[in-house]
Amino acid sequence: MFEDFGNTQSVLILGAGLMQEPAINAAKANGFKAVVVDANPNATGVILADVFAPIDLKDKEGLLAFAKTIPNLQGVFTAGTDFSASVAYIANSLHLNGHDYEACLNASNKVRMRKCFEKYGVSSPCFESVKESDIEKFTEEKLSNMQFPKVIKPTDNMGARGCRMIRSKEEFIPSVKDAVKNSRSGEAILEDYMKGDEFSIDSIVYNGTLTITGFADRHIYYPPYFIETGHSMPTQIDWKKRRNIIETFAKGVKALGLTQGAAKGDIKYTENGAMIGEIAARLSGGYMSGWTYPYAADINLTEQALLIATGKEPTELLQKRVRLEVNEDCPFEIYDLPCAKASTERAWISIPGVIKEITGLEEAKKIEGIKNVLPRNKALDKVDFPRNNVQKCGNVISVAHTFQEAQNIAHEAIRHITLRLEPCNAETEAFLRGEERKDEKGFPPYAYPAFSQIDLTRLLKSKTIAANKSVIDYCPESLLNCKEEDWNHCTIMQTLKRFDEICSIHKELECERFFKALIRGGIQGCLYVADSANS
C-alpha cells in the first residue's frame with residue numbers, strides 16, 4: 001500500500017468528499033503523500049488520494065491503528081466534516097500537532113459546548129438536553145407554559161439535518177423526534193431562539209493568536225427550517241458589530257480549549273449583541289474555506305491550516321495578516337486576513353418531484369465572474385424542497401470587485417439553471433395544491449408569496465392558453481409587473497420568458513391551473529403543468 005512512499009512525508013486526511021478535495025490537493029502541492037480515509041469508497045476525492053482506505057470516520061480506534069502503519073506521518077487533517085475529534089484523537093495519540101482531544105469533543109457535542117460557554121460566561125442561548133426518553137416529560141401543561149419560538153437540533157450532526165424552529169406546542173413533539181432521529185448519539189439540544197442576522201467565521205488559532213480567515217454574511221430562509229441559500233464575503237456589517245462578534249467568538253474558542261489549528265463559528269448578532277450558535281474545531285464546509293475565501297482574499301486557507309497540522313509554519317498567513325484592535329479582556333491577540341475582492345456562494349433549490357432533465361448549466365458557467373457551477377443532482381434523482389442544507393440542488397460561486405456585483409452575477413447564473421420535473425408525480429401535485437404537514441404551517445413557501453391568496457378567476461382573460469402560444473400574453477398585468485423574485489431569483493416576467501424559451505411547443509393549457517402552478521412553484525410548476533398536459 002505504501003511501497004512507493006520512500007522517505008516522503010505523509011498526511012492523513014479524514015474525508016474524501018468534495019469539501020475535502022482542497023485539503024488533498026494542498027497536501028500533494030506541498031510535497032506530502034495524501035493518505036485519505038472515508039467510509040464511502042465512491043467519494044469524489046478518492047481518485048485524488050495517493051492511498052485510500054475505506055474506514056468509518058467515527059471509528060477512532062480503527063483510524064488510529066491505520067495511522068500507525070503510515071510511513072513518515074506528519075499530520076492529521078479534516079475540513080467540512082463532523083470528525084475533528086477523530087483527528088485530535090489520532091494526532092494526540094501519535095504526538096502530532098493539533099487541538100487537544102477533549103477540546104475537540106467540546107466542539108463536537110453541542111451540549112458539552114453550551115456547558116463550556118455557560119461556565120466561562122460566553123454569550124449563547126439557554127438550553128437543555130433532550131433524549132427520546134425525555135419526550136414524555138413535556139406534558140400538555142409544560143408545553144402550554146413554554147415560551148416559543150425554540151430551536152431544536154441534534155447534538156452531533158451538521159448540514160442543519162434535524163434542525164428547526166419550534167413555533168408552537170403543536171410542533172414540539174414531531175420536531176424533537178426528528179432531531180433525536182438525526183443525532184448519532186440519540187441526543188438533541190433545545191435552545192431559546194436567537195433573533196438576528198447570522199454570520200460564519202473561519203479562523204486559525206496559532207501560538208496564542210487568533211487570525212480571522214473569513215467573515216461571511218449567511219443568508220438563511222424558509223422557517224421553520226434554517227436553509228442557507230448562500231453566503232457572502234466580505235461582510236456588509238459595520239466594524240463595531242463585527243468587533244463584538246469577533247471578541248465573542250474568541251472567548252468561545254478559549255472556553256472550548258482550542259489552541260492550535262482551525263476554528264469555525266456560526267454567530268448571530270441579536271438585540272443583546274453577539275451570541276454564539278456553535279463553534280467547530282475545523283475549517284468550514286459550505287464552500288467557504290476552500291472556495292469563496294481563497295477567491296476573495298487570494299490565499300489558500302486550507303494549505304495554511306494543513307501546514308500547522310503538520311508542524312510547519314503558515315508563512316503566508318503570518319506575512320499577510322494585520323493586527324486588529326480589540327478590548328483588553330479578549331483572550332487572544334486578534335489578527336485579520338482581509339478580502340481584496342468580493343465572493344458569493346448561492347444555492348438553487350427545487351420543489352418536490354423527480355428530475356427529468358437539467359438545463360442551463362453550461363450557460364451559467366459562461367457568465368463572466370462565475371468561478372464554479374456545482375450541481376448536486378442529476379436526471380432521475382428524487383428532489384424535495386429543502387428541510388436541511390444537504391437537500392439543496394447545487395451551488396454557484398462568483399467573484400467580483402464589490403459585493404453587489406458578485407451577488408448579481410451569482411443570481412444571474414442561477415436564473416439560467418432549470419430542473420425540469422417528470423410529469424404526473426403525486427408529490428409534485430401535492431405541493432402545487434398547497435398541501436402541508438400540521439407541524440409545518442406555511443412550509444414549503446410559495447414561489448411568489450405576494451400572490452398566494454389571489455383570486456385568479458377575476459384576473460384571467462381566458463380559460464385556456466392556446467397551443468404553442470407565448471404564455472406571457474395570457475398573464476394578468478398585476479403579475480407581470482411584480483418585482484418579487486422566487487427562490488431562484490426570477491421575477492414572474494423572467495420566469496414566463498424562460499418558459500417560452502424552454503417550452504415553446506406545448507398543448508392547450510388550462511389558464512388557472514398554469515398560473516396557480518406559476519405562483520406556487522415558479523418555472524418548475526409551469527413546466528410540470530405543460531409536461532403533464534402533454535403526457
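Biologist: Why is Lys 378 called exposed in this model?

Modeller: In this predicted model, Lys 378 has a relative accessible area of 54%, and because exposed means over 50%, the residue falls in that class.

Biologist: What makes Lys 378 and Asp 381 a salt bridge?

Modeller: Their side chains meet at 3.4 Å, N to O, and since the cut-off for such a pair is a nitrogen of Lys or Arg within 4 Å of a carboxyl oxygen of Asp or Glu, the two qualify as a salt bridge. Asp 381, for its part, counts as buried, because its relative accessibility is 18% and the class of buried residues is set at under 20%.

Biologist: How many salt bridges does a search of the whole structure find?

Modeller: The search finds 39 salt bridges, one of them between the side chains of Asp 531 and Lys 356, at 4.0 Å from N to O. Asp 531 belongs to helix α17 and Lys 356 to strand β17, so this pair ties together parts that lie 175 residues apart in sequence.

Biologist: Why is Asp 531 placed in one accessibility class and Lys 356 in another?

Modeller: Asp 531 has a relative accessible area of 6% and is therefore buried, the limit being under 20%, whereas Lys 356, with 39%, is partly exposed, because that value lies between the limits for buried and exposed.

Biologist: What does the pair of Glu 357 and Arg 420 tie together?

Modeller: The closest N and O atoms of this salt bridge are 3.4 Å apart, and because Glu 357 lies in strand β17 and Arg 420 in strand β21, the pair ties together parts 63 residues apart in sequence. Glu 357 counts as partly exposed at 30% relative accessibility, while Arg 420 is buried, with a relative accessible area of 12%.

Biologist: How do you know that β17 and β21 are paired strands?

Modeller: Four bridges join β17 (residues 353–359) to β21, and since at least two bridges are needed, the two strands count as paired. They run antiparallel, and in β21 the bridge partner of Thr 359 is Thr 418. Helix α17 (residues 511–534) packs on the sheet, touching β17 and β21, and its direction makes about 30° with that of β21.

Note on methods:
Residues are numbered from 1 along each chain as its sequence is written. This is a predicted model: local features need pLDDT of at least 70, side-chain atom pairs count only at pLDDT 80 or more; totals for chains, interfaces and linings use all residues. Side-chain values use heavy atoms; hydrogens and water are left out. Helices (H or I, at least four residues) and strands (E, at least two) are DSSP runs, numbered from the N terminus. Contact means heavy atoms within 4.5 Å. Axes are lines fitted to C-alpha atoms, for helices over the stretch in contact, and angles run from 0 to 180 degrees between N-to-C directions. Buried means under 20% relative accessible area, exposed over 50%, partly exposed in between (1.4 Å probe, protein chains only).
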